[in-house]
Amino acid sequence: MTGRTWRKVRNGLLFTLPWTVGLLGFIVYPVVASVYHSFCDYSVLRPAVWIGLGNYVDLLQDEVFWIALWNTVVFAVVALPLGIVTAIGLALLLNTKVRGVVVYRTIFFIPSLVPMVTLAMLWMWIFNGRYGILNYVLNGVMRWLHLPWEAPGWLLDPHWAKPALILMGLWGCGHAVVIFLAGLQDIPETLYEAAEIDGANRWQKTWHVTLPMLSPVIYFNLIMGIIGTFQVFAVPYIMTGGGPGRATLFYTMAIFQFAFEDLRMGYASAMAVILFLIIVGLTWLATRVSRGHVHYGGL
Amino acid sequence: MRRPGKHWWLHLFLLMVAVPTLMPFVFVLNNSFRTSSEMLHGYFGVPRAARAALSCAWRALRGSPGPSFVITDAKQTLALSHTHALRYHLRLLLRNYRDAWTSVRPYLRNTLWVVCAVATGVLILGTATAFVLSRFPFPGRTVVFYYFLSTMMFPGVLTLVPSFLLIKRLGLLNSYSALIVPMVAGGQVFAIFVFKSFFDGLSQDLFDAAKIDGAGLFSLYWHLLLPLSRPVIAVVLIINILGTWNNFLWPFIVNTDPRYHIVASGLYVMSASESASNPGMLFAAYVITSIPLLLLFACATRAFMQGMTSGAFKA
């Protein structure tokens, strides 16, 4: 009997071995090393030297760190809710059994199919202050309406670079539309029938049935969105390189610059560890807040 | 009853969103047919080569008398027959695409190779591991499962620097392995969960029946489990392909040698060097590199939609 149990354990471990080892090598070890390096002065060229909390103390006094954090938080606070609200709105419209839903859904989905790098390049052309199509249209409209303003230089203007990226993010929210639409279609019809019998109008049905039933999906999207925002890299790196000034320097870009441009691996690791703590904290907070607001009844 | 035209205001609104969504793509597609000198005059309207080709085709069809005149790059004027002129203009029209194709072909090949290798590895290891975790209880199974689960909570940025150093120490910088090994070994825990939750939902009776018929472990896996899980395999495949296709930071730091660029990093390097001199060719490159995913989407829309939404529900 014990022999059989032993064989079971051995086979079980054997079959899961590739992942156990792989994760050990490419997740567990890097995490541990990251935490260790965050307490070291480490430049790759020379061996790591333990400096205790030095990196953390320096980081908290580093302007670049705070700017990157601030930019990321602004993006998360403005762009994320804006994107979610827009996506829910579009999903609600598409869920009205209107004709051609599949066509609209496909159109909204197309931006998620194009490689991110391509999108970034593409939007650089759109935002180009002098030759871009956005300003071509905007300036045309302003001239037509005899307005005295001129369209901004977008990515080259420190005040307009962030709004430009937010606008671009909004344009690509079709991915979320698809997710919300699937969530809406999972809501049982019986709930709406019951609400109708109670005399609910369309608005009341949306507010008291649809949104509560959709809340787990909204919640999930919010959390993933926050985590994603802190890891945004490709699009701002390609489009602005963090500039103008440091107007679009996001958290992960700052880590990248510290690690691979300044070769301050320990410093960058400390920043990554802080990011992890922020994410854990935010997720914990969101879980607490969501109690009583998120309804898992329908799923 | 649904009356036609009842939702006209809804369509109007949706179109107001849909048109700007498509606009940038129309812009790129249209301008991918322009020469750079033509683009100095503007981005709108039908590209010159297309107009010229159309007019030649029209004259050839009508059988108009006289030659078509063609002005070459060297400012020479040639008198050609309509069909020859048409061929000339079509060549001109597709020139950007020919140039772009020679540049992006190696990137596409590399991407395809990496995608295939990662997908194969993840599918084989993922299904086998999830099969064991789901169907063969052994002491310590929960521990293994939660160990896998816990690795999902670490953001990629936290592991970025040490992973890079690890790859460097293993001597794998500038190789395909630098892209494939970490993805297969550690980057795809998600796949295990999608597989495991699907396998958990399968009826045990099926497995018992197959065992009574004398199926061994491998038989169960190969002849029963894999055919049953075709839809979920498609979903994992799609998530994988999208991930590899869009991954920019990792390939960008581990593979600086242009020979190993995948589409994402290759396009970036190409754009940085090429954007001023020949935007039309860049646009053509964007179009070419977007086609594979669009095709895949057209062929596997259902799996795509499930892949997109699977994270949000029940997974």
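Cys40(A) is a buried residue, with a relative accessible area of 0%. Keep in mind that this is a predicted model.

**Cysteines**

- Cys173(A) counts as buried too, because its relative accessible area of 11% is under 20%.
- A disulfide is a covalent bond between the sulfur atoms of two cysteines.
- How many disulfides does a search of the whole structure find? The count over all chains is 0.

**Where chain A meets chain B**

- On the chain A side, 82 residues are in contact with chain B, and on the chain B side 85 residues take part.
- Which helix gives the most to the side of chain A that touches chain B? That's helix H1 (residues 2-37) of chain A, with 23 residues.
- Sorted by class, this side of chain A has 60 nonpolar residues, 17 polar ones and 5 charged ones.
- There are 12 residue pairs in polar contact across the interface of chain A and chain B (both at pLDDT 80 or more).
- As for salt bridges across the interface of chain A and chain B, the number is 0.

**Salt bridges**

- Side chains of opposite charge can pair when their charged atoms come close.
- Over all chains, the count comes to 3 salt bridges.
- In chain A, Glu196(A) pairs with Lys205(A), at 2.8 Å from N to O.
- Are these two partners buried or exposed? Glu196(A) is partly exposed, with a relative accessible area of 47%, while Lys205(A) counts as buried because its 17% is under 20%.
- In chain B, Lys196(B) and Asp200(B) form a salt bridge, and their closest N and O atoms are 3.0 Å apart.
- Both Lys196(B) and Asp200(B) sit in helix H9 (residues 189-200) of chain B, 4 residues apart, or about one turn of the helix.
- Here Lys196(B) is buried, at 14% relative accessible area, whereas Asp200(B) is partly exposed, at 41%.
- Also in chain B, Arg259(B) forms a salt bridge with Asp257(B), with the closest N and O atoms 3.1 Å apart.
- Arg259(B) counts as exposed because its relative accessibility of 57% is over 50%.

**A buried asparagine in chain B**

- Where is Asn255(B) found? Look in the loop between helix H13 (249-254) and helix H14 (263-274) of chain B.
- Asn255(B) is buried, with a relative accessible area of 0%.
- Its side chain reaches the backbone nitrogen of Asn174(B) at 3.1 Å.
- A polar atom of the Asn255(B) side chain also lies 3.2 Å from the backbone oxygen of Ser175(B).
- Leaving out residues up to four places away in sequence, Asn255(B) touches Leu173(B), Asn174(B), Ser175(B), Ala178(B), Leu179(B), Tyr260(B) and His261(B).

Notes. Residues are numbered from 1 along each chain as its sequence is written. Chains are lettered from A and ligands numbered from 1 in the order in which they are written. This is a predicted model: local features need pLDDT of at least 70, side-chain atom pairs count only at pLDDT 80 or more; totals for chains, interfaces and linings use all residues. Side-chain values use heavy atoms; hydrogens and water are left out. Helices (H or I, at least four residues) and strands (E, at least two) are DSSP runs, numbered from the N terminus. Buried means under 20% relative accessible area, exposed over 50%, partly exposed in between (1.4 Å probe, protein chains only). A polar contact is a pair of N or O atoms within 3.5 Å; within protein, one must be able to donate a hydrogen and the other to accept it, and residues adjacent in sequence count only if both atoms are side-chain atoms. Contact means heavy atoms within 4.5 Å. A salt bridge is a side-chain nitrogen of Lys or Arg within 4 Å of a carboxyl oxygen of Asp or Glu. Ala, Val, Leu, Ile, Met, Phe, Trp, Tyr, Cys and Pro count as nonpolar, Asp, Glu, Lys and Arg as charged, and the others, Gly among them, as polar. A disulfide is a pair of cysteine sulfur atoms within 2.5 Å.
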